[in-house]
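Visitor: I have just opened this structure and would like to learn how to read it. Could you walk me through it?

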Amino acid sequence: MSAIQKFHNGVTFANKKLFQGAMWLIYPLIAVIMYEVVMRYILNSPTNWVYDMTWMIFGTNAFLGFAYTLAEGGHVKADIILDLLPTRGRAIFIVFCYILFFFPLMIGLCYSSYNYMIKSILLNEFSINTSWAPIIWPCKIIMFVSMVMLLVQGLAEFLVEVGRLFGKGDTNTPAITETNGGEAE
């Protein structure tokens, strides 16, 4: 196994574990929403904290799943174009897209989310959406961590594609070139 494959497998494993932890957040989210439905529609006593709680739980769930979704080939991509290209053409197209679109966007998002996180921590930021006003810097930390993990997963996927481009990669390594829902061909 090459160093690139080991790096890819390690990053994907870490992102899979983050995702597996985050997916359990769906149960508290369901409980909070059910509680609000009962309080609002049955007891006619809506809460002031459920709105903030739902976006914090759902945001954490979604953000921590981004990188693993990339590893599984679940993000939107140009399947119509990719299916028309031979393996080498696909690799060229994907490498080009990573360089032109993915890396500049992700570097910008990492930079921005880092600044948001630092400001939020220093100001002990709280939500202004409801009177509950919970602190939201933990959410900003999760946003930054998820952006970094997505960038690192993208780097791993990029390196696999570069390996394919130069004929040095394992063509069975799951990467975004897979067009059948992320399963290995």
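Visitor: What is the mean pLDDT of the protein?

Guide: This is a predicted model, and the mean pLDDT of the protein is 90. Of its residues, 91% reach 70 or more.

Visitor: In which helix is confidence lowest, and in which is it highest?

Guide: Helix α5, residues 79-84, has the lowest confidence, with a mean of 87. The highest is found in helix α2, residues 26-42, at 97.

Visitor: Let us turn to the rings. How many aromatic pairs does the structure hold?

Guide: In general, a pair of aromatic rings is described by the distance of the centres and the angle of the planes. This structure holds 11 aromatic pairs. One of them joins Phe19 and Tyr68: the ring centres are 5.3 Å apart and the planes are at 25°, so the pair is stacked.

Visitor: Where do Phe19 and Tyr68 lie?

Guide: Phe19 lies in helix α1 (residues 3-22) and Tyr68 in helix α4 (residues 66-71), so the pair ties together parts that are 49 residues apart in sequence. Phe19 counts as partly exposed because its relative accessibility is 29%. Tyr68, at 12% relative accessibility, counts as buried.

Visitor: And what are the distance and angle for the rings of Tyr98 and Phe103?

Guide: The centres of the Tyr98 and Phe103 rings are 5.8 Å apart and their planes are at 40°, so the pair is tilted. Both Tyr98 and Phe103 are buried. Ring pairs also link Tyr98, Phe102, Phe103 and Phe158 into a cluster.

Visitor: Now for charges. How many salt bridges does a search of the whole structure find?

Guide: The general idea is that side chains of opposite charge can pair when their charged atoms come close. A search of the whole structure finds three salt bridges. In one of them, the side chains of Arg40 and Glu36 meet at 2.7 Å, N to O. Both residues lie in helix α2, four residues apart, about one turn of the helix.

Visitor: What does Arg164 form a salt bridge with?

Guide: The partner of Arg164 is Glu161, and the closest N and O atoms are 2.8 Å apart. Arg164 and Glu161 both lie in helix α7, three residues apart, about one turn of the helix. Arg164 is buried, with a relative accessible area of 10%, and Glu161 is buried with 0%.

Visitor: Where do Lys140 and Glu125 lie?

Guide: The side chains of Lys140 and Glu125 meet in a salt bridge of 3.0 Å, N to O. Lys140 lies in helix α7 (residues 137-165) and Glu125 in the loop between α6 and α7, so the pair ties together parts that are 15 residues apart in sequence. Lys140 counts as buried at 17% relative accessibility, while Glu125 is partly exposed with 27%.

Visitor: Which residues does Val95 touch, not counting those up to four places away in sequence?

Guide: Val95 touches Phe158, Glu161, Val162 and Leu165. Val95 is in helix α6 and is buried, with a relative accessible area of 10%.

Visitor: Where is Ser113 found?

Guide: Ser113 is in helix α6, residues 87-123. Its relative accessibility of 2% makes Ser113 count as buried. Leaving out residues up to four places away in sequence, Ser113 touches Met143, Phe144 and Met147.

Visitor: Which residues make the nonpolar surface patch?

Guide: Met23, Trp24, Ile26, Tyr27, Ile30 and Met34 make this patch of about 640 Å². Tyr27 is in helix α2 and counts as exposed, at 53% relative accessibility.

Note on methods: Residues numbered from 1 in each chain as written. Predicted model: local features only at pLDDT ≥ 70, side-chain atom pairs only at ≥ 80, totals over all residues. Heavy atoms only, no water. pLDDT = per-residue confidence, 0-100. Helix = DSSP H or I, 4+ residues; strand = E, 2+ residues; numbered from the N terminus. Phe/Tyr/Trp six-rings, centres within 6.5 Å; stacked < 30°, edge-to-face > 60°. Buried < 20%, exposed > 50% of the residue type's maximum accessible area, 1.4 Å probe, protein only. Patch = residues over 30% accessible without salt bridge, like charges linked within 9 Å, V, L, I, M, F, W, Y side chains within 5 Å. Areas by Shrake-Rupley, 256 points an atom, 1.4 Å probe, with all protein chains shown as cover. Salt bridge = Lys/Arg side-chain N within 4 Å of Asp/Glu carboxyl O. Contact = heavy atoms within 4.5 Å.
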